[in-house]
Amino acid sequence: MHQLNREADTSASQLRISLDTKATVKIGNFSRGGQSRQHQRALDHDFGAKQKLTPFGVFLPETKENFFWMATSKVTADFMVDRLEELFPKLLERCSGMETLVINADNGCESSGSRTQWLKRLIEFSNGYGIAVQLAYYPPYHSKYNPVERSWGVLENHWRGQILGSIEKAVGLARSMTYAGVKPVVKLVRKVYQSGVKVASDEMKSIEGKVKRKAGLEKWFIKITPEAIG
């Protein structure tokens, strides 16, 4: 992992990003711990929340830039690849000669190396933009080393002690945090994504045939090469 990341960070034709989904946050008059100067009373029981937000983030380790999307529905494989497609023009600005996009992730259920909808969408992404995608997963119990996790820690501390009484307040606070002196780009996504989308069985073999897994580490290092140059 260290070797692959180091090569990506020193190559003019590769760009490394780190992505992950943070735990869902309840929106409402709930206590979040920590000290607050607002002198507001929070609920002393954990009642069900009518609104929730699930943060999804992409972090650029070299420039310390964060891009957060606050989802009002579930963060699925389709959600994540849609966000990559939305962000890709900005990524090209950072690396105009990009040939390979290296993605650090933690092998969560929606972005795991066995999630066929995730792989299908990444194959389409790779073919559409003519770039290779290198997935590099952190092993179990090591996800804390995924660079974006540092951003989640800063965001959680920024939220601590605050009553996130509305979606607007939660998003606004996220926009006001800084990591290494850089403010994140934060967007709210209200589109509802369907969970449990599966690839038809006759497509599964085709998908697996389009990815290359590193021998001995098949679950952790997966490369997708665009068909035009494959």
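User: What makes the largest nonpolar core a core, and which members touch the most others?

Analyst: A nonpolar core is a set of buried Ala, Val, Leu, Ile, Met, Phe, Trp, Tyr and Cys residues joined through side-chain atoms within 4.5 Å. Buried means under 20% relative accessible area, exposed over 50%, and partly exposed in between (1.4 Å probe, protein chains only). The largest such set here has 39 residues, and L19, F79, L91, L101, W118 and L135 touch the most other members. Among the elements that each supply at least two residues are β1 (14-21), α2 (77-94) and β9 (221-224). Helix α2 gives the most, with 8 residues. Helices (H or I, at least four residues) and strands (E, at least two) are DSSP runs, numbered from the N terminus.

By the way, this is a predicted model: local features need pLDDT of at least 70, side-chain atom pairs count only at pLDDT 80 or more, and totals for chains, interfaces and linings use all residues. Residues are numbered from 1 along each chain as its sequence is written, and side-chain values use heavy atoms, with hydrogens and water left out.

User: How do you know what L135 touches?

Analyst: Contact means heavy atoms within 4.5 Å. Leaving out residues up to four places away in sequence, L135 touches I103, W118, L119, L122, W220, F221 and I222.

User: Why can we say that the buried residues of α1 line one face?

Analyst: The buried ones in α1 (residues 2-10) are L4, N5 and A8. Seen down the axis, they fall within an arc of 95 degrees, so they line one face of the helix. That arc is taken from the directions from the helix axis to the C-beta atoms. On the other side of α1, H2, Q3, R6 and T10 are exposed. The cover over the buried residues includes β1, β5, β6 and β9.

User: What makes the phi of K64 worth a look?

Analyst: Most residues other than glycine have a negative phi. K64 isn't a glycine, yet its phi is positive, about 65 degrees. N107 also has a positive phi of about 65 degrees without being a glycine, and N107 sits in the loop between β5 and α3.
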